[in-house]
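Subject: Structure handover

Hello,

Here is the structure for your files. My notes on it follow below.

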Amino acid sequence: MSKGLKLTDILVTIVIAIAFGIVYIVWGSLYYVVKPIGLHADQLIYGMWFIAAPVAYLVIRKPGVALLAEIAAASGEFILGSPWGLTVLLYGVVQGLFAEAVFMLFRYKKYNIAVVVLAAIASCLGSVIMDFAYGEIGDLAAWNLILFLVARFVGSILFAGVFAYYLVSALEMTGVTKLVRPLSSSDFDALDQK
């Protein structure tokens, strides 16, 4: 399989990203419904905003796809009227870069759940750095900051890690990904690596 991105790879990544951009807009409404519960319950669902990168990477399996997917998803979210405005683009770049760094660390040869969870954690770390840079969480009391971070990291692992992995596994089983790359037993074996 060629390591460079072909036009088909880019287009499929953009389609995945647009789909998640729409999900991100809907998810924003859910985020605001959950927020009044308190105890950072909203952070438990925050990980959904990192899902485009791992899903696109697991489907396409080439360098650059995770970053492209996060940027395109953030762009779609912005165009559809994100309440966070242009900052979603900056967050998308940082989250995509952090996920891409994890996939690069494994030389784009690992597609197992552990690597996807690490990418989710990395994207989460990127978002936390951005939150500190924008002054959104720096003033929290230590106990509140810890609760915030634990909730966000757990949500990221669940949504952008575990859920993303099993979503793509389900797509593999349907054969939908045959349109992007040939489906073989080695593909299934790569997904089943623990």
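With which side chain does the side chain of Ser-127 make a polar contact? The partner is the side chain of Arg-152, at 2.9 Å. A polar contact here is a pair of N or O atoms within 3.5 Å; within protein, one must be able to donate a hydrogen and the other to accept it, and residues adjacent in sequence count only if both atoms are side-chain atoms.

First, the basis. This is a predicted model, in which local features need pLDDT of at least 70 and side-chain atom pairs count only at pLDDT 80 or more, while totals for chains, interfaces and linings use all residues. Residues are numbered from 1 along each chain as its sequence is written, and side-chain values use heavy atoms, with hydrogens and water left out.

Confidence: pLDDT is the predictor's confidence in each residue, from 0 to 100. The protein averages 90, and 91% of the residues score at least 70. By element, the mean is lowest in helix 8 (residues 185-192), at 56, and highest in helix 6 (residues 113-133), at 97. Helices are DSSP runs (H or I, at least four residues), numbered from the N terminus.

Ser-127 lies in helix 6. Its relative accessible area is 0%, so Ser-127 is buried (under 20% relative accessible area, 1.4 Å probe, protein chains only). Leaving out residues up to four places away in sequence, Ser-127 touches Tyr-46, Phe-50, Tyr-91, Gln-95 and Arg-152; contact means heavy atoms within 4.5 Å.

Asp-9, in helix 1 (residues 7-34), counts as buried because its relative accessibility is 3%. The Asp-9 side chain reaches the backbone nitrogen of Lys-6 at 2.9 Å. Beyond four places in sequence, Asp-9 is in contact with Gly-4, Ile-60, Lys-62 and Val-180.

The largest nonpolar core has 52 residues, and Phe-20, Trp-49 and Val-55 are among those with the most contacts inside it. Such a core is a set of buried Ala, Val, Leu, Ile, Met, Phe, Trp, Tyr and Cys residues joined through side-chain atoms within 4.5 Å. Helix 6 gives the largest share of this core, 10 residues.

Val-55 touches Ile-16, Phe-20, Ala-164, Leu-167 and Val-168, not counting residues up to four places away in sequence. On helix packing, the axes of helix 3 and helix 7 come within 9 Å and cross at roughly 35°. These axes are lines fitted to C-alpha atoms over the stretch in contact, with angles from 0 to 180 degrees between N-to-C directions. Residues making the contact include Val-55 and Leu-58 of helix 3 and Ala-164 and Val-168 of helix 7.

Regards

Definitions and conventions. Helix = DSSP H or I, 4+ residues; strand = E, 2+ residues; numbered from the N terminus. Buried < 20%, exposed > 50% of the residue type's maximum accessible area, 1.4 Å probe, protein only.
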